[in-house]
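Good morning, and thank you for joining this meeting.

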Amino acid sequence: MTADATLPGVLVASGHWDPEPWALPFRADPGRPVMVWPKVTDPAAIHYVLAWAPPPEAFLGLPNLKAIFSLGAGVDHILGKAALPNVPVVRIVDPDLTMRMTEWVVLQVLLHHRRQLAYLRQQAAHRWEEIGQPVARDVRVGLMGLGELGQASARVLRSLGFDVAGWSRTPRTVPGVTCFSGTDGLEPFLARTDILVVLLPATPETRGILNRALFAKLPRDGALGGAVLINAGRGALQVEADIVEALETGALIGASLDVFEKEPLPSESPLWSRPDVVITPHVAATSDAAVLADGIRRAILDFEAGKPLSNLIDPKRGY
Ligand code: NDP
Ligand code: OXD
């Protein structure tokens with residue numbers, strides 16, 4: 001440790017995100033070295049890395065590393081690294097992030113349910129015409145992923161009257177939600193889904209799961225007259241060429257996408273100009289450092305006081 005360091009040090013490796021708001025609460029701890037990648041002046045002082053899409057080298061040569069903290073709920077941006085040290089990886093579970101995601105999901109579900117894209121097209125054409133729409137209880141929403149974010153969205157969608165189901169890896173019980181799980185549960189889950197909301201992590205098991213074969217299993221005769229895809233999980237889950245094809249063939253009648261195979265979404269992607277697709281630039285639940293950094297600091301203070309770390313991920317499972 002550096003001469004005046006009395007506390008374990010923190011390294012912020014926050015990719016394209018501004019590191020300073022994440023470093024700020026730690027700078028208030030007297031005697032705690034705080035470094036920002038790539039300026040690692042004293043590698044031995046670093047006990048914790050706060051990471052968002054870090055370069056693999058950010059974890060190298062840190063002999064006293066105790067834990068890695070993801071700056072988001074997902075950890076695929078960390079687990080994919082070749083040089084990942086064998087230390088606990090903690091992810092964000094926080095009401096601020098959860099509420100942001102719930103807002104985005106509910107916004108997109110209502111947008112398709114209330115035919116907002118069609119009304120915007122009518123507005124552009126100065127056309128005054130009512131478009132029929134079903135009641136929420138006749139619309140079957142299916143959430144792929146019933147974790148922190150999936151369950152929170154499910155609760156609000158239930159309260160709006162939608163017929164809500166969910167699919168997870170292991171069996172779950174969520175009040176008011178019809179629960180399916182595992183490979184056997186996927187087909188019956190899809191068969192009763194008009195609006196498919198995806199809040200899965202990207203893992204070896206889920207990559208590419210949103211493909212032509214899956215879209216073909218969604219009903220075309222539901223209350224909306226076809227199926228809608230809403231993905232805020234990860235771009236690695238989806239095969240974009242298959243989404244475009246499904247929109248062309250009617251396997252899907254609309255989509256809202258916050259995440260993409262390649263981000264930023266390349267300007268030549270056909271998704272940009274489709275009138276049946278809503279695109280947001282990976283902002284469904286942005287990590288607000290002003291809210292979340294202090295939570296990470298508190299977790300570290302608890303850990304230093306001998307308490308176990310919460311919100312640990314299982315590297316074998318991939319989430
Ligand atoms: P959780 O770990 O709490 O939940 C993940 C859910 O996915 C669980 O229900 C889990 O099943 C399920 N799951 C995982 N693998 C499989 C599988 N192979 N088959 C079926 N179900 C599976 O994560 P969160 O809800 O907190 O977050 C979900 C994801 O959302 C993040 O990993 C991240 O990728 C994404 N995200 C995107 C953001 C954005 O701005 N676009 C912001 C924040 C997160 P089980 O319940 O059995 O464990
Ligand atoms: C996250 C994200 O994982 O913002 O939190 O994508």
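Let us start with strand 1 and its neighbours. Strand 1 and strand 3, residues 46-51, run parallel and are joined by five bridges. Within this pairing, V10 stands opposite Y48 of strand 3. Please bear in mind that we are looking at a predicted model.

Strand 1 also pairs with strand 2, residues 34-36; here three bridges join the two, again in a parallel arrangement. V10 takes part here as well, with V34 as its bridge partner in strand 2. To pass from strand 1 to strand 2, the chain goes through helix 1, residues 20-27, and this β-α-β crossover is right-handed.

Is strand 1 itself mostly covered or open? Strand 1, which spans residues 9-13, is mostly covered, with five of its five residues buried. In a regular strand, side chains alternate between the two faces of the sheet. In strand 1, G9, L11 and A13 point one way, V10 and V12 point the other way, and all are buried.

I turn now to the second largest pocket. The volume of this pocket is about 370 Å³. Twenty residues line the pocket, and the closest to its centre are V93, G295, I296, A299 and N311. Two elements, strand 4 (67-70) and helix 9 (289-304), each give two or more residues to the lining. Which element provides the largest share of that lining? Helix 9 does, with eight residues. By type, the lining residues comprise 11 nonpolar, four polar and five charged.

Thank you for your attention.

Notes:
Residues are numbered from 1 along each chain as its sequence is written. Chains are lettered from A and ligands numbered from 1 in the order in which they are written. This is a predicted model: local features need pLDDT of at least 70, side-chain atom pairs count only at pLDDT 80 or more; totals for chains, interfaces and linings use all residues. Side-chain values use heavy atoms; hydrogens and water are left out. On a 1 Å grid over the protein atoms alone, a cavity is a set of points where a 1.4 Å probe fits but cannot get out, and a pocket is an open set with protein on both sides within 12 Å along at least five of seven lines; lining residues have an atom within 4 Å of a point. Grid points are joined across faces, edges and corners, and a volume is the space filled by probe spheres set on the points. Helices (H or I, at least four residues) and strands (E, at least two) are DSSP runs, numbered from the N terminus. Ala, Val, Leu, Ile, Met, Phe, Trp, Tyr, Cys and Pro count as nonpolar, Asp, Glu, Lys and Arg as charged, and the others, Gly among them, as polar. Buried means under 20% relative accessible area, exposed over 50%, partly exposed in between (1.4 Å probe, protein chains only). Two strands pair if DSSP finds at least two bridges between them. A crossover is right-handed if, with the strands pointing away from the viewer, the path from the first strand over the helix to the second runs clockwise.
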